[in-house]
Structure formats: C-alpha cells, structure tokens
Amino acid sequence: MKISVLASSSRGNASVISAGETAILVDAGISARRIKLGLEACGLAPGDLTGICITHEHTDHISGLAVLSGKVTAPVYCSRYLRDDLRFLAPKADFTYVEPGVKVQIGDFTVLPVSVSHDAIDPLGYIFEAQGVRLGYITDTGDIAPKMLSALRGLNAIYLESNYDPEMLQNSGRPLDLIGRIEGQWGHLSNAQACELVSQIAHPDLRHVILAHLSPECNTPACAGKAMQEVLNKLECAPKLHIAKQAEQLAWIEV
Ligand SMILES: [Zn+2]
Ligand SMILES: [Zn+2]
C-alpha cells in the first residue's frame, strides 16, 4: 500500500492511496485540474480511480469534487447525512454512503469509517487496510475520542492533522470566536494534541507519521515537525516523519 499527498493545509486537501489495482482519492479540496496533475505525477489518471472518500463538506475538502465527479465514474463515499448535501453540489456523482464503524470494501481495500469531532455534517476519518497493512487518515478533529483511539491501534502509518501552534493561533489577529472554534472540541488538533495521539497509538510496526492540514497562518512545518520528532525520537520503532504541504506534492510513501 502506498500514499501520496497531492496537497494539504487549511486551504485544500487531497491524497491518493493505492494498493494493487485499486486507487482511492481521499478528499477533493483542490481543483480538479490539480488533482489530475497530482495523479499523473503518481502514474495514474482520474479514470484509474476506484473510489473517492470524502471526510466532510468544508470547502478545503470538496472544492474540486463537482468538476472531478463529472469526469470520472468512481463512486463517491461519504456519510449518509452528507450525501444529500453533496448531491446538489455534484449532481453527476455516484454517491455511496458509509457509516462510522461499518467496514466497506473498495476494490482491494477494506475501509473503516470512524467518527471525528468537527463542526461539519457527520465528519469522518478513515482506516484503509490492504495487503496486510493499515493506514489511518484522521483530519479535522478537535478531540481524540476513546473510540477513535481504539480504532487507530495497530496502524502501520498515520496521516494526521497537526493544525496549529496555540501561541501562533493566539497571536494570529483572528477574531476571538474563530480562535475559540479552532481550539474547541469541534475544531482542529494542535501540534501537542497530534503528538499525544501518536504517542498513544505507537507500537513497533508504526512506520510512518504524515503530518497534514497545517494552518499557513498559525503553524509552520518546522514547528509541527520539531514537536512530533521529539515524540518519535523516544519511540523504539522510530517511525519516519513526513510533513504534507499545500504547494508541493508528497511523492509515494510505501506503507
Ligand atoms: Zn479542513
Ligand atoms: Zn473542516
């Protein structure tokens, strides 16, 4: 199994995960043109997609979906309640709804949707399993629920939001209510919360930690990376750290 992050930050997110003949796009929060270019850099075409998994309806996760879904036949997987909203946005898409805790088969992958804590319609993270390895995809969550944590045990790789540094957020000049939203239970994970999550799920076969969804205004790759590297250095398994960026694609990472 391998993953390439086409782009990630608070401004737009899309990744492709592949195993065997199956390729799954996770979120479509950049233009359909950029998604096509990103897939081509991975040796894929949009027509090669087996499925598109959507985490939630915020623009930075679906802005390219309307155009993309008019060009591909791959089903779009999303939560039941979100499907009705997305139908208006992307009328040509073939939607299949998924439910937290209920596994779904997408080509060679077994995919487990998990609930996250975010101010969106039934937002989801996903655990992708194929070829005997497991990758967790957790973004846009203000809280780490025990149920989520137990689903994340035994991962070989995790793609994880590390959205903000609290000091940079406080000094960002943003309105107080927005700061409260980001820091709140239905907001985003801070660097420290991402570190806490990884230290709780670490085990000898955790090989990759991919930090994602960094806020361009309230975080830096150096800041998020330093905090996480300190945690990883203490682990015997020494997972490799990757930091996803908005303008630069992360090439295939073999899980
Ligand atoms: Zn987002
Ligand atoms: Zn969001």
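Colleague: Which residues of α1 are buried?

Modeller: A32, I35, G38 and L39 are the buried residues of α1, where buried means 20 or more other C-beta atoms, placed from the backbone, within 10 Å, exposed 12 or fewer, and partly exposed in between. This is a predicted model, in which local features need pLDDT of at least 70 and side-chain atom pairs count only at pLDDT 80 or more, while totals for chains, interfaces and linings use all residues. Residues are numbered from 1 along each chain as its sequence is written, with chains lettered from A and ligands numbered from 1 in the order in which they are written.

Colleague: Against which elements do the buried residues of α1 pack?

Modeller: Their partners are β1, β2, β3 and α3 (65-69). α1 itself spans residues 32-41 and lies across β1 (2-7), β2 (14-19) and β3 at about 145° to β1; such angles run from 0 to 180 degrees between N-to-C directions of lines fitted to C-alpha atoms, for helices over the stretch in contact. After α1 comes G43, with a positive phi near 80°.

Colleague: Why do β6 and β14 count as edge strands?

Modeller: The open seven-stranded sheet runs β6-β5-β4-β3-β2-β1-β14, with mixed pairing. β6 (95-98) and β14 (250-254) each have a single partner strand, so one side of each is left without a neighbour in the sheet. On average, neighbouring strands here are turned by 25° against each other, direction ignored.

Colleague: How do you know that β3 and β4 are paired?

Modeller: Pairing requires at least two DSSP bridges, and three bridges join β3 (residues 22-26) to β4 (residues 51-53), which run parallel. L25 stands opposite I52 in β4. Helix α4 (residues 80-89) also packs on this sheet, touching β5 (76-79) and β6, with its direction at about 120° to that of β5.

Colleague: What is the strand order in the sheet that contains β12?

Modeller: This open sheet of seven strands, also of mixed pairing, has the order β7-β8-β9-β10-β11-β12-β13. β7 (104-106) and β13 are at its edges, because each has a single partner strand. β12 and β13 are parallel and share four bridges, one of the pairs being L211 with I243 in β13. α9 packs on the sheet, touching β12 and β13, and makes about 165° with β13. Helix α8 (residues 191-201) lies across β11 (157-161) and β12, at about 160° to β11.

Colleague: With which residues is L211 in contact?

Modeller: Contact means C-beta atoms, placed from the backbone, within 7 Å. Leaving aside neighbours within four places in sequence, L211 is in contact with L160, S162, A194, A224, G225, M228, I243 and A244.

Colleague: Why is H213 called buried, and why is A238 called exposed?

Modeller: H213 has 30 other C-beta atoms within 10 Å and is therefore buried, whereas A238 has 12 and is therefore exposed. H213 lies in the loop between β12 (208-212) and α9 (221-233), with phi near 55°, positive in a residue other than glycine. A238 is in the loop between α9 and β13 (240-243), and its phi is near 45°, again a positive value in a residue other than glycine.

Technical notes
Two residues are in contact if their C-beta atoms, placed from the backbone, lie within 7 Å. Helices (H or I, at least four residues) and strands (E, at least two) are DSSP runs, numbered from the N terminus.
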